[in-house]
Amino acid sequence: MKKPVKLKFGSKGTKVKNANSYAQKEEPPGEEKCSLGLSSSLEENLGHLREIFAKSTDIIFRDFTIGRWGRLRAAVVYVDGLINITDVNENLLKAVMLEMPMAGNDQDLTKLDVLQKIKDSAFPLSQVKEATLIEQVVDAILSGDTAFLLDGYSTALLVGARGWETRSLDEPATESVVRGPREGFVETLRINTSLIRRKIKSSDLKIEMMKLGRATQTDIGIAYMENLATQELVSEVKKRLQQIDTDSILESGYLEEFIEDNPYSLFSQVNRTERPDKVAAGLLEGRIAILVDGTPFALIVPALFIEFLQASEDYYERYMISSFVRLLRYAAFMVSLLLPSLYIAITTFHQEMLPTDLLLSIAAQREGVPFPAFVEALLMEISFEALREAGIRLPRPIGQAVSIVGALVIGEASVSAGIVSPAMVIIVAVTGISSFIVPNYAMAISMRLLRFALMILAASLGLFGIMAGLIAIVIHLATLRSFGMPYLSPIVPTHPAAWKDTVIRTPWWTMLTRPPLIKKGNLHRQRPYTRRWPGQEQGGEANGRKNKN
Amino acid sequence: MAEKTRISWVQATLLLINMVTATLILVVPAITTEAARQDAWLSALVATFGGLLLAFIFTKLQQRFPRENLLQFSITILGPVLGKVVGFLYLWYFLHLAAIIIRSFGDFLVISFMPETPVWVFIIIITILAAYAVHNGLEVIARVNILFFALVILSIVIIFFLTAKDMDFTNLTPILAEGWKPVVRGSLFPLAWIGEIVIGLMILSHLANPGEIKRVYLVTTIGVGILLLQVIIGVVATFGPEYTSHLIFPGLTGTRIISIGNFIERLEALAMVMWVGGAFTKICLVYYAGVYGMAEWFRLKDPRPLVGPAGIILVFFALIIYEHFIDFLKFATVPFPMYTLTTFEGGLPLLLLVIAILRKKGGAGNVQKNPGSNDDSSASTNSRLLEPQGNK
Amino acid sequence: MIVLLLLTPGCWSRKEINDLAVILAVGLDQEPQSNQLRLTLQIAKPKSLTAGTKQAGFGPGQKPTWIISGTGDTIFEATRNLATESSRDLYWGHTILLVMGDRLARDGVNQVLDFFARAQQPREIMWIMVTRGKAEDILRSHAELESTPAQRIGFLIRSKTGLTVNLKDFVTMMTKTGINPAAPEVGLATVGLSELKKLPGPDNDEKGDQGNRKNEMPPQAKLTGTALFREAKLVGWLDRKETRGLLWLKGEATKGIITIPCPNHPKEKLSVDIMRGSTEITPSIARGKPVFTIKIKMEGDLKEVHCPLPLGEPATIHHLEKEFARDMEERVRGTFYKIQKQYAVDVIGLGNHFYRRYPQEWKILAPRWEKVFPEVGVEFQVQTSIIHSGFLTEPLEPWK
């Protein structure tokens with residue numbers, strides 16, 4: 001209605017066409033020769049490549065001749081292990097070495113544009129590209145393509161016969177569900193894009209590619225729905241990605257830190273997931289997904305605070321159950337954030353708030369405990385965190401043993417030794433359980449850190465300290481933006497229309513519009529008269545009218 | 001101003017209500033009850049009507065200059081010299097008010113929760129927090145306020161229902177035993193607090209839809225009136241007019257007597273939540289008005305560098321403003337309402353309005369609503385909620 | 001470092017829970033000679049309350065509370081004196097009871113209540129009570145079912161068999177116009193039978209048995225009636241039966257049992273359990289004098305019948321209701337007579353009712369209400385109804 005978009009940029013960046021050329025500019029001069037064009041001499045080309053790939057034992061050079069009398073010399077170059085060796089043997093080598101000579105006569109080979117001929121009719125492979133620069137060839141080889149070089153031609157054919165060992169599709173370890181698809185992303189970008197494509201069969205789904213990382217040359221896929229994602233958002237994401245100039249992108253976490261709005265915040269402003277269905281849902285709400293080769297974790301932007309407390313299963317399970325679970329999660333979030341600090345504040349500052357019996361019982365438990373409640377809580381919380389960390393890193397069977405030793409032995413022993421009070425053990429245990437209810441790992445971590453901060457505040461100023469801490473957190477959250485979206489929306493800035501999918505989840509047929517993220521195209525998810533068939537109350541209709549504006 | 005801040009009418013209303021309410025309900029019942037006894041609830045009604053009058057003045061004034069704040073349009077109305085003088089007076093008022101509220105914030109916490117802690121701890125902490133919010137601008141304050149407002153309202157409702165069993169509504173009778181005089185006298189203090197909605201003149205120029213100025217003021221005044229009425233009735237019914245007038249913080253004492261089934265007892269924490277949540281909004285708003293007013297006065301483009309120095313002044317001022325809480329109570333019962341009511345909340349705005357009408361400055365007095373703004377209010381609000389992507 | 005920095009200034013108000021001496025009950029007496037205040041505190045001993053050893057905690061020498069006592073001109077001064085005796089900080093936040101000795105109460109209680117209403121820690125919901133004799137003794141009483149005597153008395157009061165007055169109520173009654181305060185009276189009694197009772201034998205007559213009990217069971221606190229105040233000074237007492245009448249007059253009794261003689265067999269009794277009731281006081285002016293109509297409505301259930309009655313007949317029930325009303329009215333009158341004529345303290349708040357209705361007339365009356373009150377005319381209207389008669393219609397009769 002009013003002003004144009006107010007996206008916050010890192011800087012009004014210089015327009016860079018793609019990351020490759022950007023990276024290239026910065027490359028040390030010693031590697032400059034890479035951008036040389038291919039010469040027409042196979043010998044020379046292979047020489048260059050051998051030089052570039054010197055001391056790389058996994059690069060295979062195979063030169064051979066084509067034709068009945070071996071007139072034409074050719075070579076294939078590939079990285080062992082990145083290619084599908086059967087494909088290369090059967091469809092590439094066999095095709096040019098055996099089948100082609102049989103099909104045509106030798107005269108043709110000398111007269112015609114053999115390379116073109118080979119490309120057009122010899123390779124029974126779908127992905128064949130031409131390249132004229134050595135650098136392109138090198139990149140392609142490193143990415144798993146097979147380079148086919150022919151003597152006398154300054155053009156190489158890059159044959160896509162990739163194939164390497166991949167993990168099979170597995171249930172996502174960090175986001176398992178009771179109901180819902182059990183496939184998760186894997187480390188290969190192509191498989192991941194195919195998983196998304198299988199969910200959204202629409203030509204509006206665009207997946208743009210770029211390469212990031214000077215050394216790693218990591219493939220990055222930017223997926224969005226062209227009819228739903230705003231152009232501003234798409235170009236903003238691209239711009240932020242192109243600004244990145246680093247030598248390595250090994251995981252999407254690298255990107256996350258590079259593109260976040262506020263890098264100093266404890267809160268993650270980018271959502272990450274292993275689940276294709278979650279990415280698809282995000283795309284259909286007008287969000288943008290960033291897929292990174294080499295990791296099963298995709299990023300979704302913009303991300304709102306409430307999304308970190310939602311799980312994809314919420315949308316598959318019956319809505320009442322999902323709503324209950326969400327309420328539970330919010331409660332657990334508060335508990336895990338506040339319980340230890342509240343305990344400290346109440347037992348050391350505001351004892352009057354406890355019922356008399358409880359006060360006496362806590363006092364009785366604390367008889368002989370040498371530490372103040374704060375130190376006690378800190379000890380327990382830190383040892384709990386340590387236990388958790390130990391459990392994650394260790395192999396599963398040992399991890400369980402560690403948990404048992406930690407939870408049972410240390411907990412029990414420290415109580416009977418009088419180092420901590422039983423009440424504190426209960427508090428820490430409840431906090432721990434609650435913190436596992438928060439579905440998003442990033443949010444759980446920031447919560448843990450804040451919990452410690454709040455504990456310190458509670459120990460120094462009681463409930464007022466907690467309030468002050470909460471005020472600071474709330475101001476911070478209200479200030480945060482994720483790719484221009486206020487982080488706390490739709491709670492504040494209030495957007496009641498979007499509340500159907502926040503703390504509770506209303507039935508699907510009432511969620512007629514997409515979340516207000518999208519300002520483009522068709523806001524409506526469904527026609528307002530879903531569920532109106534004979535004999536059925538027009539449940540959705542009234543709502544539909546209201547939302548329609 | 002450089003900042004293109006826009007807030008929705010709901011945000012503005014909640015800001016103003018929360019600003020007035022939270023401090024109103026802790027202290028005011030005692031002072032009003034002291035004057036009006038069991039008729040204190042009538043005083044609340046009278047104060048609300050008085051508040052509506054003030055709101056009318058502010059509305060008319062703001063409607064003439066929908067996109068200018070108090071300091072800007074006083075210059076427009078009175079010319080650069082007199083306008084600056086008026087602006088300076090208001091800056092003084094904001095500073096004074098902020099200092100009073102920050103100090104009473106600290107005093108309340110010291111008296112009722114942590115007697116051994118020196119008051120400067122609270123003053124400094126809350127000022128730092130407020131500075132952080134003010135630095136981030138009005139939009140952030142408005143957003144944060146919505147959350148706190150929910151907390152405050154929730155606390156008020158919980159307290160009311162939990163103390164309901166201790167209430168004896170016969171305590172509210174006889175009605176008008178002493179005539180209207182004490183009622184009116186008792187209404188002055190709440191009226192002075194309600195009159196603080198004059199700060200709306202500093203924020204309503206940021207209203208997304210200027211046609212909604214009237215609605216903001218109307219809903220604010222009535223909302224405050226209802227909350228005030230409810231709290232006064234609750235307190236007087238619980239304690240009786242005599243005991244109430246002896247209490248310094250009847251609202252707090254109300255939470256202290258909560259005892260349900262031997263395990264929910266002494267929910268003073270609720271009073272603390274209510275107080276901190278509300279007082280924080282108030283401090284932020286007055287602080288904001290002060291800082292942005294100062295920037296306007298000094299013709300600064302960016303007010304942010306002023307946040308820090310203003311905060312230091314506020315802390316200092318809050319520490320020296322009075323020595324004992326009784327001084328504050330004494331000052332607050334009669335002199336303060338008279339002082340603010342006659343000048344900043346009533347007199348000056350009225351004067352400005354009259355001069356503006358005489359000199360025919362500003363809009364015709366009726367910036368009518370944007371076409372369709374009335375029935376489309378939710379839509380316009382909605383578009384506000386997503387600041388970045390305005391409708392294209 | 002930051003943790004340390006934050007913690008150092010934070011120690012002002014911080015008190016660990018096991019650094020507190022949790023005061024559960026306060027006793028206030030006046031010293032006979034010096035007229036100084038004697039402050040007795042019942043402090044919880046958490047050690048002996050530990051969950052596992054709770055049973056053992058009741059052995060001799062393992063009392064769950066610790067009682068200390070000190071004197072001073074003001075309560076706070078006494079507190080300071082006591083603070084030197086207690087290794088932990090005195091903590092008032094969980095004080096359940098405030099017991100005042102009658103000597104102090106007769107001298108006026110408003111000065112001592114100031115401390116409790118003013119200070120931040122003591123709660124407004126602590127129960128106020130008066131004892132004949134020394135408050136100290138009540139604090140020393142024994143608790144059988146509850147863990148501490150203070151909690152025991154707290155629960156006794158909560159059961160609403162007597163007047164329930166907490167600090168806030170007392171202060172409200174004291175400050176409010178046209179009403180005088182009242183507080184429950186607490187006394188000591190040997191409650192419960194000893195488990196060590198001897199086997200019944202020819203030697204054990206009733207008296208000897210009781211003697212034994214007295215020796216074996218420590219005395220426990222018990223609500224024994226009501227203390228009446230005028231201008232915060234104790235002036236008189238009501239016994240338990242009269243307290244019941246007072247509760248009805250104040251409209252506070254919602255529970256209770258009335259036993260009346262059977263209509264046809266005066267020797268046999270029947271009991272009615274009062275389920276709910278209300279009291280309405282209507283002031284009016286007759287010939288320039290205030291007159292009050294006190295309307296009491298009670299509903300009850302028949303709980304026990306000892307005589308053969310045709311309870312299936314509505315007429316019988318109506319008859320019983322009338323009996324029931326008559327009995328109640330008698331008791332209410334008795335109580336009112338004592339309040340009005342003997343002590344002349346308006347603990348019901350008739351003056352306040354009058355003030356609400358006739359604020360202008362009250363202005364004249366208020367200064368001499370003390371004189372007027374004994375003379376005011378009161379009309380009682382008691383309405384009762386019996387709602388249920390339990391699972392039986394007519395009482396069980398043996399076959400003849």
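Domain bounds, as used in these legends, come from an automatic or database domain assignment. The structure shown is a predicted model.

**View 1. Domains and overall make-up of chain A.** The domain assignment of chain A gives three entries: domain 1 covers 36-159, domain 2 covers 189-303 and domain 3 covers 319-485. Between the C-alpha centres of domain 1 of chain A and domain 2 of chain A the separation is 34 Å. Chain A contains 17 helices and 12 strands. It has 549 residues, of which 43% count as buried. Among the contacts in chain A with a separation of 6 or more, 66% are accounted for by residues 24 or more positions apart.

**View 2. The open sheet of chain A.** Five strands of chain A, in the order β6-β7-β9-β10-β8, make up an open sheet of 5 strands with antiparallel pairing. Its edge strands are β6 (205-212) and β8 (271-273) of chain A, each of which pairs on one side only. From one strand to the next the twist averages 25°. Helix α10 (residues 276-284) of chain A packs on this sheet and touches β6, β7, β8, β9 and β10 of chain A. The direction of α10 makes about 50° with that of β7(A). In general, the strands of a sheet pair through backbone hydrogen bonds, in either a parallel or an antiparallel manner.

View 3. With β7(A), which runs antiparallel to it, β9(A) is joined by 4 bridges. One of the residue pairs here is A:I220 with its bridge partner A:V292 in β9(A). The pairing of β9(A) with β10(A) is also antiparallel, over 3 bridges. In β10(A), A:V301 is the bridge partner of A:I288. These two strands, β9(A) and β10(A), form a hairpin with 5 residues between them. In the turn of this hairpin, A:G294 has a positive phi of about 100°.

View 4. The 12 residues of helix α8 (residues 231-242) of chain A should span 16 Å at 1.5 Å a residue, and the end C-alpha atoms are 16 Å apart, which agrees. Within α8(A), the residues A:L233, A:E236, A:V237 and A:R240 are buried. They lie on the same side of α8(A) because they cover an arc of only 100° around the axis. A:Q231 and A:S235, on the other side of α8(A), are exposed. The packing partners of the buried residues of α8(A) are β7 (218-225), α9 (252-259), β9 (288-292) and β10 (298-301) of chain A.

**View 5. The contact between chain A and chain C.** Here 22 residues of chain A are in contact with 26 residues of chain C. On the side of chain A that touches chain C, the elements giving two or more residues are α11 (319-348), α12 (356-366) and α16 (441-479) of chain A. The largest share of that side, 8 residues, is contributed by α12(A).

**View 6. Overall make-up of chain C.** Chain C has a secondary structure of 13 helices and 13 strands. Of its 400 residues, 40% count as buried. In chain C, residues 24 or more positions apart account for 74% of the contacts with a separation of 6 or more.

**View 7. Strand β8 of chain C between two antiparallel partners.** Strand β8 (residues 220-230) of chain C is largely enclosed by the rest of the structure, because 9 of its 11 residues are buried. Strand β7 (residues 182-189) of chain C is joined to β8(C) by 8 bridges, and the two run antiparallel. C:L188 has C:A221 as its bridge partner in β8(C). With strand β9 (residues 233-238) of chain C, β8(C) pairs in the antiparallel sense over 5 bridges. In this pairing, C:F229 stands opposite C:L234 in β9(C). A hairpin is formed by β8(C) and β9(C), with 2 residues between them. Its turn includes C:E231, which has a positive phi of about 45°.

Note on methods: Residues are numbered from 1 along each chain as its sequence is written. Chains are lettered from A and ligands numbered from 1 in the order in which they are written. This is a predicted model: local features need pLDDT of at least 70, side-chain atom pairs count only at pLDDT 80 or more; totals for chains, interfaces and linings use all residues. A residue is buried if 20 or more other C-beta atoms lie within 10 Å of its own, exposed if 12 or fewer, and partly exposed in between; C-beta atoms are placed from the backbone. Two residues are in contact if their C-beta atoms, placed from the backbone, lie within 7 Å. The expected span of a helix is 1.5 Å times one less than its number of residues. The arc is that of the directions from the helix axis to the C-beta atoms. Two strands pair if DSSP finds at least two bridges between them. Axes are lines fitted to C-alpha atoms, for helices over the stretch in contact, and angles run from 0 to 180 degrees between N-to-C directions.
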